[in-house]
Amino acid sequence: MAMSGGKEDGSPMMEMNTTPLIDVMLCLLIMFIMSIPVATHSIDIDLPVATPPTDTPPPIDPVKNKIVLTQDSKIMWNGTQIDQGRLIQTLEATTRMTPEPELQFQPEPEASYELSAQVLQVIKASAVTKFGFVGNEQFATFGK
């Protein structure tokens with residue numbers, strides 16, 4: 001790169017070279033940014049303590065209990081939604097009762113056949129002795 005010492009007519013150069021000025025300003029800016037302390041301000045807030053969910057078993061009627069399978073694949077025990085693990089525990093609790101309560105099984109018309117088969121398998125494995133299908137009158141005529 002060639003340096004210029006002025007114009008060709010011999011007059012001195014009147015513009016100031018700003019490149020070194022910009023370099024010095026950027027270095028100062030970086031030094032000021034690095035010297036700023038890290039924001040370590042904190043506010044202590046007492047948050048409520050989460051209580052673990054109470055895993056209460058569904059109510060067991062000593063006379064009769066009803067399992068309903070809904071069309072959105074939910075298992076309902078006397079109107080309370082339960083999962084298959086809780087169903088196994090509840091069925092075991094009913095078999096230990098004296099006298100054993102009657103268990104009624106009623107899937108909704110659009111309930112999943114696969115879920116119905118799984119629930120029936122769980123009921124069979126639990127050794128329930130008083131078991132019955134209810135609500136079959138809605139399927140009395142084919143194609144209804």
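These legends describe close-up views of a predicted model. Local features need pLDDT of at least 70 and side-chain atom pairs pLDDT 80 or more, while totals for chains, interfaces and linings use all residues. Residues are numbered from 1 along each chain as its sequence is written, and side-chain values use heavy atoms, without hydrogens and water.

**View 1. The open sheet has 5 strands in the order β3-β2-β1-β4-β5, with mixed pairing.** Strands are DSSP runs of E with at least two residues, and helices are runs of H or I with at least four, numbered from the N terminus. Two strands pair if DSSP finds at least two bridges between them. β3 (80-82) and β5 (131-133) each have a single partner strand, so one side of each lacks a neighbour in the sheet.

**View 2. Strands β1 (residues 64-69) and β2 (residues 75-77) run antiparallel, joined by 3 bridges.** Val68 lies opposite Met76 of β2, and Leu69 has Ile75 as its bridge partner. The hairpin has 5 residues between its strands, and Ser73 takes a positive phi near 60°.

**View 3. β1 and β4 pair in the parallel sense over 6 bridges.** Lys64 stands opposite Glu102 in β4.

**View 4. Side chains alternate along β1.** Asn65, Ile67 and Leu69 point to one face and are buried (under 20% relative accessible area, 1.4 Å probe, protein chains only).

**View 5. Residues 21-39 carry the UniProt annotation "transmembrane region", from an unreviewed entry.** Such annotations may be inferred rather than shown by experiment. This stretch is 79% helix and 0% strand, with its end C-alpha atoms 31 Å apart.

Note on methods:
Buried < 20%, exposed > 50% of the residue type's maximum accessible area, 1.4 Å probe, protein only.
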